Amino acid sequence: KNEAIFNSKLEGMFTINTDWEITSFNHAAENITGFSVREAIGKKCMDIFKSSKCNKGCHMESTILGKQLSISNELIIQHKNGSSIPVRTNSAALYNGLGNRVGAVGTFLDLSEVKNLTLHMEEKFRFANIIGRSSKMQKVYELMQSVIQSDSSILITGESGTGKELIARAIHVQSDKKIFPFITINCGAFNESLLESEIFGHEKEAFTGAAKTKQGRLELAGNGTFLLDEPGDLSPQMQIKLLMVLKTKEYKRVGGTEIIKLNARIITSTGKNLLEEIQAGRFSEDLYYKISDVNINLPPLRERMDDIPILINHFMELFREKFKRNINSISPAAMQKLKKYNWPGNVRELENVLEYCFIVCKEIEIDTGHLPEKFGNSTEHLQLKFSNGAKINFKNAEAAIIMETLQKYNGNRQKTAEELGLDRTTLWRKMKKLGLN
């Protein structure tokens, strides 16, 4: 019975002996950390959690050494896959039947899916306005940090919607060039003759329709940053011209004779595989190596699903302000549907979905009925299995979770609300909405 209670908790729970070795580890602890019971038992707790506070005055240390109860500490632990996880922890001394202290017991709650997560996020989960705690995003942050003050050329790659321009802007605003302009151009948006004029500018009467001299976007960037989006769409002739500009650090306007110095930092971004374009003879190998001293590759959202809850909270914070709406949470069932979706449009698509939800939702919580139609049948066929062996589809998952927790606490609403991370009024409102007595 005790083991069933131990493993039924939503919080991670573990015990350690006086040598800091883990002696028990519940199912929630496995889910949050990625380590199995077998991997955790017998290991030092600092080897599993890898918090920056381990061996440096952590809450378990004060409990073990000082016999002090420790409540509501917030810190960062490390998942088995290397990603960072914000948690809230509690700990207490552990005694045997004779009253002798034999270690400590700790609980920890993953804050990633707690409403208003932005109140709990540390700066390490942000870089400018970029959100993500996954190991892949941490690597992106490290690369960005390393190139901010360098003169290295940067190629940002990634699928549509992953935030390539956002990365370029973040590098710009964190660098010494932030006081100068950030200018962009999409190479696929103009025909070749117009594109050359847009990039380099033109002199008066350089071609039909050129009624006056015009500065190009490269010139407008000045000492700032120039983002060249989709260079794979450049013609071979334009690729050669751009390569010469990058080599000589100077250029002329179309129809002009004055030499203009290139002072802007050039960042390129693309959703294409330029190495494949080189193999196909469509892109210059010399230009590729000129623009890609450092390649920052943005992972698609489906490869960083751990970031979905904090991205959702980030967008909810933005849309609460934009729409002046008091929508402060998302139901477990709706969260499950968002986590099961493949996100072909990546972060941009997720942002659009959340904006849609804020438009149609008239309550204080986003539920499955507020999601766009494409989520209607995406996970309806999947089933959850609860501890009593019952299976139920996502449509009724929230009701089932509440009922099972109520049964666990013999109908005690206060304890049920605490375990589900809700206040009592919200629980009552949900029960009324779901027809639960």
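Modeller: A residue is called buried when its relative accessible area is under 20%, exposed when this is over 50%, and partly exposed in between, using a 1.4 Å probe and protein chains only. The model is predicted, so local features need pLDDT of at least 70 and side-chain atom pairs count only at pLDDT 80 or more, whereas totals for chains, interfaces and linings use all residues. Residues are numbered from 1 along each chain as its sequence is written, and side-chain values use heavy atoms, with hydrogens and water left out.

Taking a salt bridge as a side-chain nitrogen of Lys or Arg within 4 Å of a carboxyl oxygen of Asp or Glu, the structure holds 17. One of them joins Arg 253 to Glu 219, with 2.8 Å between the closest N and O atoms; this pair links distant parts of the chain, 34 residues apart, since Glu 219 lies in helix α9 (residues 217–221) and Arg 253 in the loop between strands β13 (250–251) and β14 (260–261). Helices (H or I, at least four residues) and strands (E, at least two) are DSSP runs numbered from the N terminus. Arg 253 counts as buried because its relative accessibility is 14%, and Glu 219 is buried at 18%.

Asp 307 and Arg 304 also pair, their closest N and O atoms being 2.8 Å apart, and both residues are buried.

In a further pair, Glu 349 meets Lys 374 with the closest N and O atoms 2.6 Å apart, and here helix α15, which holds Glu 349, is linked to the loop between β18 (365–366) and β19 (383–385), which holds Lys 374, 25 residues apart. Glu 349 is buried, with a relative accessible area of 11%, whereas Lys 374, at 41%, is partly exposed. Finally, salt bridges with shared partners join Glu 198, Lys 214 and Arg 217 into one network.
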